[in-house]
There are 2 protein chains.
Amino acid sequence: MVSALFVLSCASSPKPEAAEPKRRADVEAVVDPLPSWNDTATKARIIDFVRAVSDPDDPAFVEPEERVATFDNDGTLWVEQPVYAEMAFALHRVKDLAKVHPEWKTQQPFKAVIEGDRDALVASGNRGLIEIVVASHTGMSATLFDTIVTEWVRDARHPKFEKPYTELAYQPQLELLRYLEANGFETFIVSGGSVEFMRTYTEQTYGIPPERVVGSSIETRYEVQGGKPSLLRLPQISFIDDKGGKPVGIHKHVGRRPILAFGNSDGDLEMLQWTTLGSGGARLGLLLHHDDAEREYAYDRESSVGTLDRALDAASTSGWVVVSMKNDWKTVFEEE
Amino acid sequence: MVSALFVLSCASSPKPEAAEPKRRADVEAVVDPLPSWNDTATKARIIDFVRAVSDPDDPAFVEPEERVATFDNDGTLWVEQPVYAEMAFALHRVKDLAKVHPEWKTQQPFKAVIEGDRDALVASGNRGLIEIVVASHTGMSATLFDTIVTEWVRDARHPKFEKPYTELAYQPQLELLRYLEANGFETFIVSGGSVEFMRTYTEQTYGIPPERVVGSSIETRYEVQGGKPSLLRLPQISFIDDKGGKPVGIHKHVGRRPILAFGNSDGDLEMLQWTTLGSGGARLGLLLHHDDAEREYAYDRESSVGTLDRALDAASTSGWVVVSMKNDWKTVFEEE
């Protein structure tokens, strides 16, 4: 078990050193790096892992440039129930666009969206989902899409918490991101969500800059019109960063294998495998279990959003840490 | 004009600050940040630009997180004549694989590669090129490909300089990369070359880590065999990071628009447009002109490798700086 106070070791940054005199002293301060986490075995596992891989005298030491940590977004860094924020955006946008698409009144899946008919929407399946994504996410410039999303993120309110989604980031995870970075880790978001949707808020909300966000993407085409270059978003999905796509996305974008991965659903199973299996060094796989109906939501195997079933089974055989929101987190959201 | 001595201002890193006490003092040292550059108007333009965008009191000031600089690789950071290093690798690998592909003796473009028939190779065109790339770059795991490339990069020698390609990085460009980073820039490679080929040497050769390399890529598939996860390289090109693909690649990977871009051929035209046109702030586009037959090579409009024609015309109308290897560079390669 761990005491309430931990030694926070500030390792140097993993970036190549610039041509400047080094004046940075290693600093040791006795502070709890994860104050929103209860002092459970889970917290001890995390702290022990971070301390081991960043201690040059520990057999588990990992060079700073190899300390890559990947986090899923929906349900891992912020609330994903009752529907993913990006899906809420897509439905909102389809309703908006319906004004100029009268034909949608009789055309599925749009009819279902306009009428709020959840059963018909679910019945439209994956094909319907793709039609909604294409209609809401493409056919404009990248700049215009950015503006549209930014305005929605600013104005939308979560149906249960009645707050902007960006205020529903998990406080314990923000602390974990900063704790990892303070110990030389480079943190990345690796999400099934679309990369350009996420980038509108990830820097302000999580402190993770655009270049460290990996996600699904649509095809874009470079054009110059009237001397102004732009990127046109085409009605075709180019990459889905979910399930087996997560290791592919990590490999394409990051180019290194993570040593820590944190997810919460079956969509993260392959990312946790890729991080922890078949490799010699110290590795940590983490799964957030939403078991807190009072403070947030309780769901796992039966939920259609954020299904946690096969990954939960794999956790016990693979040595992944299952984080209980109810027991391991002192607070869920930043307190007002 | 600039004097031989410059003030090197070490701005803080663009990364979000970690939860650690700040002990880093801004340091000013009177040193020439670009000693391998002659004291020409070109050097003055670069220094003036970097000083302006990193000076909070200058009207051209740019926030550190927006200081993104993108560099082409072949012909901009290292030698690309008489053929791109990656093409030399592909041809070498096809010859190697020919031992287990007897049918290639009568099959183009492989016959041309085996016989060293350059005319027949050129005649096989783009389709032939793709066949060579697929044969040499796919059909193995990402890990095995990494090993194959690493060994080739270690053993191959440039036909003119008789040195490993990695010793043919341009010294003035290495200084420029470090100078930009010391002034808060985040540097990226954005190349038509394949991302996994480049990543085997970019960190050691240029000090640019894998996650800051953007390039062409092939499709990969995640698999688990015998409990070991791997990424299988499939015989299909997924993205070509050249010409109009460069702004697309930058947008996908970096998620910010560069404020400085450095290229050397028509393949970089769109990247320089995307960086410099139609935007209000301070921007710098640079083109390396290979006009130094004595120390390296002299080529531009007529060359089939690294053609510099349309981009050279665009430079004068767009205000891009044409860097003369002959006149602007004091040294080309690191001196022994």
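Trainee: Is B:Arg301 buried, exposed or partly exposed?

Mentor: Keep in mind that this is a predicted model. B:Arg301 has 34%, so it is partly exposed.

Trainee: Which residue does B:Arg301 meet in a salt bridge?

Mentor: Here's the general idea: side chains of opposite charge can pair when their charged atoms come close. In this model, B:Arg301 and B:Asp309 meet at 2.7 Å, N to O. B:Asp309 is partly exposed too, at 26% relative accessibility.

Trainee: Where do A:Asp72 and A:Lys246 lie?

Mentor: Look at the salt bridge first: their closest N and O atoms are 2.9 Å apart. A:Asp72 sits in the loop between β3 and α2 of chain A, and A:Lys246 in helix α10 of chain A, so the pair ties together parts 174 residues apart in sequence. Both residues are buried.

Trainee: And how far apart in helix α1 of chain A are A:Arg51 and A:Asp48?

Mentor: Three residues, which means they are separated by about one helical turn. Their side chains form a salt bridge too, at 3.8 Å from N to O.

Trainee: How many salt bridges are there over all chains?

Mentor: The count comes to 38. Some link up: A:Glu66, A:Arg256, B:Glu203 and B:Glu211 make a network.

Trainee: Now the sheet. What is the order of its strands?

Mentor: Read across: β6-β5-β4-β3-β7-β8-β9 in chain A, an open sheet of seven strands with mixed pairing. β6 and β9 stand at the edges with a single partner strand each, so one side of each has no neighbour in the sheet. From one strand to the next, the twist averages 35°.

Definitions and conventions. Residues are numbered from 1 along each chain as its sequence is written. Chains are lettered from A and ligands numbered from 1 in the order in which they are written. This is a predicted model: local features need pLDDT of at least 70, side-chain atom pairs count only at pLDDT 80 or more; totals for chains, interfaces and linings use all residues. Side-chain values use heavy atoms; hydrogens and water are left out. Two strands pair if DSSP finds at least two bridges between them. Helices (H or I, at least four residues) and strands (E, at least two) are DSSP runs, numbered from the N terminus. Axes are lines fitted to C-alpha atoms, for helices over the stretch in contact, and angles run from 0 to 180 degrees between N-to-C directions. A salt bridge is a side-chain nitrogen of Lys or Arg within 4 Å of a carboxyl oxygen of Asp or Glu. Buried means under 20% relative accessible area, exposed over 50%, partly exposed in between (1.4 Å probe, protein chains only).
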